[in-house]
Amino acid sequence: MDREKNFIPDDFYDFIVIGGGPAGAVFATLVAKEGYKVIVLEGSKFPRFCVGEIIAPTAIWRIWHRLGVTKEMMDPLFIQKWGAGWITPNGTQFNFDQDVHPEDSRCHAHVYQLDRSVYDEFLLNHARDNGVTALEEARVEELFYDENGRMNGVSFERHGKTFEVRSKLVVDASGRTNFIPRKLGIRMEIEELHSFACFAHWEDCKKDQGKNAGDVRLLFTENDLWYWWAPLKDPKSSIGIVANKNVHWDEYSKDPEAFYEKWVLNHPFIKKRIENATRITNFDVVKTRINQASKDSALLTNFHARSSEAVGDGWVLIGDTLGFVDPVFSAGLHVVHGSGMILADAVIKGMKENNLSEGFIEKEYHEKYKEEFQDVLFHIQGWAQLYYNPKFVDMFLKWGNRYPKIRDMYIRTFIAFEKKAIKEFSKFFLKIFKNVSHKSGFKLSVKK
Ligand SMILES: Cc1cc2nc3c(=O)[nH]c(=O)nc-3n(C[C@H](O)[C@H](O)[C@H](O)COP(=O)(O)OP(=O)(O)OC[C@H]3O[C@@H](n4cnc5c(N)ncnc54)[C@H](O)[C@@H]3O)c2cc1C
């Protein structure tokens, strides 16, 4: 519900946030809790469909804790996720439980699968409850600068009227729309990655029973594509396909729906799950976006992108606007929430010290963001290429099943995103890869 229907904005806010997805909502809530005046401008009307439903690490609880989001609030809305697993075409399975932070009282042993239309609206309303002004159907159009060239505001269109607002800092959380990066020409695509995705929601799929009903499966194939199976709160489930653009784009772009239908029925695991199920989302939105692809704005492809700069004079990027690598390890939401929280801490400090300069935000936000996430993002970039090589994945999973130490390293890397484990894994990964790549003929090109 848009609680601000006929709202006329003030002229000035401490912070303007472009985009009311999780990145924008997390940042806005945390600064509003400290008493700062913040406006979120969200272009669409919530609830709105959004991809990105699986949460990997239980460490996200630490952020929910800070926000005041509790288990009691989440349980009625979302299915609990206690585990996940990978399955290769040979039938190799690597399954794991979600409980990687038993010693940390701020984390639970489970997370949730998020139906994003529900979650994003819930989080934006939570921001409002904490003092944030959040306007839906408020599409930001122009950026303003003061006489010294510092960005100091935006204009936005709402219900046919144009408004102008000014602020101390403009925070871009516009997701893969990349509002400021596109305006400033600083959006870059990650050349090595060439995936696109198609996905749908279903009702009445066959789910596992009891505690494991929310378990996720990632399924590999020999066909240059992989699948996600993500049960949502009953009766829904989410089934997605991520495919190699170089191989599948021609077929997909001619008829996305036919492509999706063909490939979901092609995998025995998925086929069994959807036997008595009904697909409840269509491909209209996808078709529109494909038609826009020539304008470089398709959101379901070209999504491996990052901005060459994170901070400028009067502006800063968080969430997917700063970068999104690939869905392979369901890291998106964790990084997105983290970036909102790190920026909130930086600007709260900056407001107290009367310093929101570019240098200060770079040091207090961007440097800390890189320290926290750079290694895991680098890892994901490598794995996003390996996901189309099922023999390689099969070998990795078999090692994980055979050797408890390796298993623990995988889980701590990909489920907990623990820095020590990631470093250890990087060494292992590169060493093994050198030995294997020439045998398999597979070339990996990762740029840091
Ligand atoms: C195929 C695919 C699968 C994925 N799967 C997962 C997964 O399983 N797990 C996971 O954690 N992550 C996943 N992700 C990533 C996840 O979707 C994103 O990381 C997350 O949604 C980004 O959150 P955000 O708040 O940065 O942006 P968004 O959630 O995209 O929110 C941005 C908001 O900005 C608004 N906006 C845009 N432009 C303007 C404007 N000019 N004015 C006003 N508002 C504007 C939009 O309407 C939108 O609501 C996946 C991504 C893809 C592409």
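How many residues does α1 have, and how far does α1 reach from its first C-alpha to its last? The helix has 12 residues and reaches 16 Å, close to the 16 Å expected at 1.5 Å a residue (the expected span being 1.5 Å times one less than the number of residues). This is a predicted model, in which local features need pLDDT of at least 70 and side-chain atom pairs count only at pLDDT 80 or more, while totals for chains, interfaces and linings use all residues. Residues are numbered from 1 along each chain as its sequence is written. Helices (H or I, at least four residues) and strands (E, at least two) are DSSP runs, numbered from the N terminus.

**Around the ligand**
- Of the 35 residues around the ligand, those that come nearest are G21, G52, G175, G319 and G332 (a residue is near if its C-beta atom, placed from the backbone, lies within 6 Å).
- Two or more shell residues come from each of α1 (22-33), β8 (139-145) and α10 (332-352).
- The shell divides into 17 nonpolar, 13 polar and five charged residues (Ala, Val, Leu, Ile, Met, Phe, Trp, Tyr, Cys and Pro count as nonpolar, Asp, Glu, Lys and Arg as charged, and the others, Gly among them, as polar).

**Helix α1**
- α1 is mostly covered, with 11 of its 12 residues buried (20 or more other C-beta atoms within 10 Å of the residue's own; exposed means 12 or fewer, and partly exposed lies in between, with C-beta atoms placed from the backbone).
- Among the buried residues of α1 are P22, F27, L30 and V31.
- Their cover includes β1 (12-18), β2 (38-41), α2 (60-67), α4 (116-129), β10 (161-172) and α10 (contact means C-beta atoms, placed from the backbone, within 7 Å).
- Just after α1, G35 takes a positive phi of about 95 degrees.

**Helix α7**
- In α7 (residues 256-264), P256, F259, Y260, W263 and V264 are buried.
- These residues cover an arc of only 115 degrees around the axis, which puts them on the same side of α7 (the arc is that of the directions from the helix axis to the C-beta atoms).
- A258 and K262 are exposed on the other side of α7.

**Sheets**
- Seven strands form an open sheet with mixed pairing, in the order β5-β4-β13-β14-β15-β12-β16 (two strands pair if DSSP finds at least two bridges between them).
- Its edge strands, β5 (93-97) and β16 (278-279), each pair on one side only.
- β4 (residues 83-87) and β5 run antiparallel, joined by five bridges, and G83 stands opposite D97 in β5.
- Another open sheet has three strands in the order β11-β17-β20, with antiparallel pairing.

Conventions
Two residues are in contact if their C-beta atoms, placed from the backbone, lie within 7 Å.
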